[in-house]
Every structure is written in structure tokens, then in C-alpha cells.
Amino acid sequence: MKITFYAHASFRLEADGLAVVTDPYTPGPGQSGFDPIDEPADIVLMSSATDRFHSDPSHVLGEAVVVNTLELPSEGTVVKGLAVRAFPAYESLTFDFRAASNRDPDANALYLFELGGIRVLHMGDVGNPIADDQLDALAGQVDLLLALTGEHATIALDDLDRAIERIRPGAIIPMHYYSARGVLAIEPVERFLDRFPTGRVHRVGASSMKLTRDMLRPEAPPVFVLEQSR
């Protein structure tokens, strides 16, 4: 599977003749600060339809099927042959959204899908410890974790550590961390990387990589850090 990091929580994943884009942000100054995606896709998966940092497919080219995973039935669905299952969540229930942005925390979803024989869990915009029943359902079922690592208004790093221990992903790619191009005051990726032995952290030095099953290590998952491309 080829994986490209656009920015924030948005990736492009390609395999099986499908291109999937996750959580597209609203581009431009005064919005996310990131450049438009301006590439075609077959499917766009979003953790909600209400957050400008996660739910603007307008700059994804072509005629992609857009899926708000928060609206999926509990058993999931199949879109163009792609099986997708959602796990409902909220942004942080302790962060003061009213003071920061005059709004309430948004409902959103983590979502699990399989592409190219690799099971991918995108953490959406969850801001609280993942529920035990969801961790039980995800344990041993995730090959690649796209992990929220910026902390503020999203999951605390201590809670993320516990989720990784329970889920046992085969590999991890961090996302949703501080970017000089962005507008959010969140933690840099180093805060997350410092929690791992240096031998498990791999700075790819590019915005894209190919992930194969023989690179997965559930007993000690490698962390691949991609360069932001937008």
C-alpha cells in the first residue's frame, strides 16, 4: 500500500486500484493554513461532517464517493469494495472549546478499513480515552494506526499509549501534530516520538512510503514519520 501524508489528519492511501483520502481539511489562510489537495480519489472518508480541519472534500478532484463515517451503521458498510467500520467518539470533554473557539466539542468517529490486505485505523478527532468496548473490538485487528499525537483537544498521550498497548497495531504513523504551516497550537510530533526507543522511530524523509505486511511488528510496532506535503 502506498501512503502519502498531505497534512494534519489527511492521507492518501492507494492499493487494489483504489485511492482513498482521509479527513480532508479546509485549505487556505484563515482556515487550516494548508494547501489544497488537488488530486483525484475514488473514496473520501471523513470522521465527521462538521469540522473544518477534517471534513472538506471540495478540493479532492474527480468524483469521489464521500463517506461521513459517523453516520455509518454499527456493522459498517462497503464502498466500492472497501469495507469500513466506524467507532463513534467525541473531541475532548475536558478541553474548553467554548473559550477557545466559542463552540462545543464535536462528535466524530475513529474508522477502520482494509486496503491492499492492510487494516488501517484512522483515529479521527477523538479527544478522550477510547472506550473499553471499542478497544476490545479493535485489539489485534489493526495493522496500521494513524495516530493523533498533538494532544490539545485530542487524546492525551498517556491515553494513547494505553490504546496502542491494547490495540497492538503492526505499525504507527503519527498525524495531527504541530505544523508551522498550520494554525493550531498543538504539540510537535517529537512529544510522541520521545516515548519510543530510537530504533523504532523511522523518519522517512519523504511525504510518501510503501507499507507491506512484512514491515508490521505488533510486538514492537515501528513508527514511520512522513513529511507533510501540503
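Biologist: What share of the 230 residues in the protein is buried?
Modeller: In this predicted model, buried residues make up 54% of the 230 residues.

Biologist: What box do the C-alpha atoms fill?
Modeller: Taken along the principal axes, the box is roughly 45 × 40 × 35 Å.

Biologist: How many helices and strands are there?
Modeller: The protein contains four helices and 14 strands.

Biologist: What part of the contacts with a separation of 6 or more comes from residues 24 or more positions apart?
Modeller: Such residues account for 59% of those contacts.

Biologist: Let us turn to charges. How many positive and negative side chains are there?
Modeller: There are 20 positive and 33 negative side chains. The centres of the two sets lie 4 Å apart.

Biologist: Which residue forms a salt bridge with Arg119?
Modeller: The partner is Asp143, and the closest N and O atoms are 3.0 Å apart. Arg119 belongs to strand 9, while Asp143 sits in the loop between helix 2 and strand 10, so the pair links distant parts of the chain, 24 residues apart.

Biologist: Is Asp143 buried or exposed?
Modeller: Asp143 is buried, because its relative accessible area is 4% and the cut-off for buried is under 20%. Arg119, at 22%, counts as partly exposed.

Biologist: Which side chain does Arg191 meet in a salt bridge?
Modeller: Arg191 meets Glu151, at 3.2 Å from N to O. The two are 40 residues apart, with Arg191 in helix 4 and Glu151 in the loop between strand 10 and helix 3. Glu151 is buried at 19% relative accessible area, whereas Arg191 is partly exposed at 32%.

Biologist: What about Arg195 and Asp161, how far apart are their closest N and O atoms?
Modeller: Those atoms are 2.6 Å apart in a salt bridge.

Biologist: Which residues do salt bridges that share partners join into one network?
Modeller: That network consists of Arg12, Glu14, Glu39 and Arg230.

Key
Residues are numbered from 1 along each chain as its sequence is written. This is a predicted model: local features need pLDDT of at least 70, side-chain atom pairs count only at pLDDT 80 or more; totals for chains, interfaces and linings use all residues. Side-chain values use heavy atoms; hydrogens and water are left out. A salt bridge is a side-chain nitrogen of Lys or Arg within 4 Å of a carboxyl oxygen of Asp or Glu. Buried means under 20% relative accessible area, exposed over 50%, partly exposed in between (1.4 Å probe, protein chains only). Contact means heavy atoms within 4.5 Å. Lys and Arg count as positive and Asp and Glu as negative; His and the chain ends are not counted. The place of a charge is taken as NZ of Lys, CZ of Arg, CG of Asp or CD of Glu.
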